[in-house]
Amino acid sequence: MSALERDKYERSSMKQQRIRPEFVESAPNQLSDGVIYISDRFRTALHKCCCGCGREVVTPLNPAGWSYIRKGETVTFKPSIGNWSFPCKSHYFIIRNEVVWASKMSAKQIAGVKARDARDQQAYISRCNLAMPIEEPIHPMHPAKCEPAWYSLLIKTMRRWWT
């Protein structure tokens, strides 16, 4: 068996077939094999690449990134996880804690996926920016009032009661 074949065999035998979700406030310092750490607070999931290469995979949880569905003790992530920037170029789905391996993609296919992801990300950012309220610029002749936040909230509440 050549060194290349041996390396390919060793990596394929180290592939994860299952992954266990762990819901955390923030990521641990050291990631364990076969565990996906999900932080709803930071809208991020992290795990070691399921191919066994040991690289850290970060999946942002947002409409332009990934989402997950939790059913009991299982999770399903959408879309697939394609580690195109890693040397392993691994590609897999996480479905009810099962790691389902997808076929390798060509460089052209990967470029197409990256372009689509970039468009999705830009569209998501644009939608978020449009949804943000536009603040009126502060005129230099009329400086902003520096009031505690609770005071402003109290005034707004009282105005609603009176109107």
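This report walks through the pockets, strands, salt bridges and backbone geometry of the structure above.

The model is predicted, so local features need pLDDT of at least 70 and side-chain atom pairs count only at pLDDT 80 or more, while totals for chains, interfaces and linings use all residues. Residues are numbered from 1 along each chain as its sequence is written, and side-chain values use heavy atoms, with hydrogens and water left out.

## Empty space

Rolling a probe the size of a water molecule over the atoms shows where empty space is left. Here the search runs on a 1 Å grid over the protein atoms alone: a cavity is a set of points where a 1.4 Å probe fits but cannot get out, and a pocket is an open set with protein on both sides within 12 Å along at least five of seven lines. A lining residue has an atom within 4 Å of a point. Grid points are joined across faces, edges and corners, and a volume is the space filled by probe spheres set on the points.

The largest pocket holds about 480 Å³ of space. It is lined by 24 residues, and those closest to its centre are Trp-66, Gly-82, Trp-84, Val-113 and Asp-117. The elements that give two or more residues to this lining are β4 (56-60), β7 (81-82) and α2 (107-131). Such helices (H or I, at least four residues) and strands (E, at least two) are DSSP runs, numbered from the N terminus. With six residues, α2 provides the largest share of the pocket lining. By residue class, the pocket lining has 12 nonpolar, eight polar and four charged members. In this scheme Ala, Val, Leu, Ile, Met, Phe, Trp, Tyr, Cys and Pro are nonpolar, Asp, Glu, Lys and Arg are charged, and the others, Gly among them, are polar.

What about enclosed space? The structure holds one cavity of 30 Å³ or more, and the largest cavity has a volume of about 30 Å³. Its lining is made by Gln-16, Asp-33, Gly-34, Lys-48, Cys-49, Gly-52 and Gly-54, which divide into one nonpolar, four polar and two charged residues.

## Strands and their pairing

Two strands pair if DSSP finds at least two bridges between them. Strand β7, which also contributes to the pocket lining, belongs to an open sheet of three strands in the order β7-β8-β9, with antiparallel pairing. Its edge strands are β7 and β9 (98-101), each of which pairs on one side only. Between β8 (residues 91-95) and β9 there are four bridges, and Tyr-92 has Trp-101 as its bridge partner in β9.

Elsewhere, β3 (residues 44-48) and β4 run antiparallel and are joined by five bridges, with Thr-44 opposite Pro-60 in β4. In a regular strand the side chains alternate between the two faces of the sheet. Buried means under 20% relative accessible area, exposed over 50%, and partly exposed in between (1.4 Å probe, protein chains only).

## Salt bridges

A salt bridge is a side-chain nitrogen of Lys or Arg within 4 Å of a carboxyl oxygen of Asp or Glu. By this rule there are five salt bridges, including the ones tabulated here.

| Glu-98 | Arg-18 | 2.4 Å |

Glu-98 is partly exposed at 35% relative accessibility, and Arg-18 is partly exposed at 44%.

## Backbone details

Most residues other than glycine have a negative phi, and most peptide bonds are trans. The peptide bond from Lys-78 to Pro-79 is cis, with omega near -5 degrees, and Pro-79 lies in the loop between β6 (74-78) and β7.

The loop between β8 and β9 contains Arg-96 and Asn-97. Phi is positive in both, near 45 degrees for Arg-96 and near 70 degrees for Asn-97. Are these residues buried or exposed? Arg-96 is exposed, with a relative accessible area of 55%, whereas Asn-97 is buried at 6%.
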